[in-house]
Amino acid sequence: MAQRAGLGSGRLEAVAILLLLGLFQSGMGADGAEALCGMASQARVTGGGSAAPGQWPWQVSITYDGTHVCGGSLVSEEWVLSAAHCFPREHRKEDYEVKLGADKLDSYSTEAQVRTVAQIISHTSYRQEGSQGDIALLRLSSPITFSRYIRPICLPAANASFPNGLQCTVTGWGHVAPSVSLQAPRPLQQLEVPLISRETCNCLYNINAKPDEPHFIQEDMVCAGHVKGGKDACQGDSGGPLSCPVGGLWYLAGIVSWGDACGAPNRPGVYTLTSSYASWINHHVAKLQPRVVPQIHESQPDSNLCSNHLAFNSAAAQGLLGPILLLPLSLTLGFLGAWHEH
Ligand SMILES: *[C@@H]1O[C@H](CO)[C@@H](O)[C@H](O)[C@H]1NC(C)=O
């Protein structure tokens, strides 16, 4: 299991990137943060994996001691959502900074704004890699003014249900290949990933699972990615958004949390399911009002994605069944042998 923070040297893995679908037009009425959420300002498709400036205006870069370690998502003028594992207890909040409105991390941009962190609220149930509660709220040292490049994403309400297979987009400045960090000038990368149900994801993670490294997709997690592998979030993407489009707005369906070897087959990315923390968010920041997500259509079962697992399982089962079948057979032969001696 590997978390996707860039903290420490960590091991790094593959990512390749796809481009994504068109985005929504801006230019709608700007009457308050809530009305503004989830609107991206460009309607263009880019080649490769680099996003266009302003395409994901809620994406922030979180630095520790001046180094990019994690992503995050702007959810209001002064609050950012990220992952709890990006903020180990021994780290001082004074050593973190949040960069907003950035596209290329290595280029100066007049659109970008930097804030220090006034408060970090990590979920108390987060203990270690793979545990529940990998979510954290950050309060910026002072409120930010929204622009074409800096805007909040919509928080989904507790009863939100995003259908399996919905094409969402994960974004970040994380690693792009095994042990390969994103090259200067480090443009923001985007990758389209379909949602995978928790049940199917657990099934996938059981394929060729190492007994000493159990993976369990908990109730507050959701998966997204490609079963074949090759395209995934990776180290340094942690805390960043899994943005899903519903009814013309983008919702923060998930927060990049962990995975087993970015881009490996049968190991989709695992995300903290934001909607399961709607009341936690609202409890800590009353101003943050999750938004009801219109139900576009019923979720269809996606267990077919793990059908290889069945093939694998029956092969494994045959391996196990072998000795069981051999046992009565040898007894029979033994009996026959004994019988023959007479
Ligand atoms: C979620 O709750 C709201 C009321 O709070 C309701 O209007 C909406 O229909 C519910 N959505 C679903 C998918 O149940």
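## Cys201–Cys223

The torsion about the S-S bond of Cys201 and Cys223 is about -80°, so this disulfide is left-handed. Cys201 belongs to helix 2 (residues 198-205) and Cys223 to strand 10 (residues 221-224), so the bond ties together parts 22 residues apart in sequence. Helices (H or I, at least four residues) and strands (E, at least two) are DSSP runs, numbered from the N terminus. The S to S distance is 2.0 Å; a disulfide here is a pair of cysteine sulfur atoms within 2.5 Å. Cys201 and Cys223 are buried, where buried means under 20% relative accessible area, exposed over 50%, and partly exposed in between (1.4 Å probe, protein chains only).

## Basis of the model

The model is predicted: local features need pLDDT of at least 70 and side-chain atom pairs count only at pLDDT 80 or more, while totals for chains, interfaces and linings use all residues. Residues are numbered from 1 along each chain as its sequence is written, and side-chain values use heavy atoms, with hydrogens and water left out.

## Other disulfides

A search of the whole structure finds six disulfides. With the bonded cysteines of the chain numbered in sequence order, the pairing reads 1-4, 2-3, 5-10, 6-8, 7-12, 9-11.

Helix 2 also holds Cys203, which is paired with Cys306 in the loop between helix 3 (278-284) and helix 4 (307-341); this pair links distant parts of the chain, 103 residues apart. The sulfur atoms of Cys203 and Cys306 are 2.0 Å apart. The S-S torsion of this pair is about -90°, so the disulfide is left-handed. Cys203 and Cys306 are both buried.

In the disulfide of Cys37 and Cys154, the sulfur atoms are 2.0 Å apart. The torsion about this S-S bond is about 95°, so the disulfide is right-handed. The bond links distant parts of the chain, 117 residues apart: Cys37 is in the loop between helix 1 (33-36) and strand 2 (59-64), and Cys154 in the loop between strand 7 (136-140) and strand 8 (167-172). Cys37 is buried at a relative accessible area of 7%, and Cys154 is buried at 1%.

## Ligand site

Asn159, Val292 and Gln295 surround the ligand; a residue is near a molecule if one of its heavy atoms lies within 4 Å of it. An N or O atom in the side chain of Asn159 is 2.3 Å from an oxygen atom of the ligand. On its own the ligand has 360 Å² of accessible area, of which the protein covers 38%. Accessible areas come from the Shrake-Rupley method with a 1.4 Å probe; for residues, only the protein chains shown count as cover.

Key:
A polar contact is a pair of N or O atoms within 3.5 Å; within protein, one must be able to donate a hydrogen and the other to accept it, and residues adjacent in sequence count only if both atoms are side-chain atoms.
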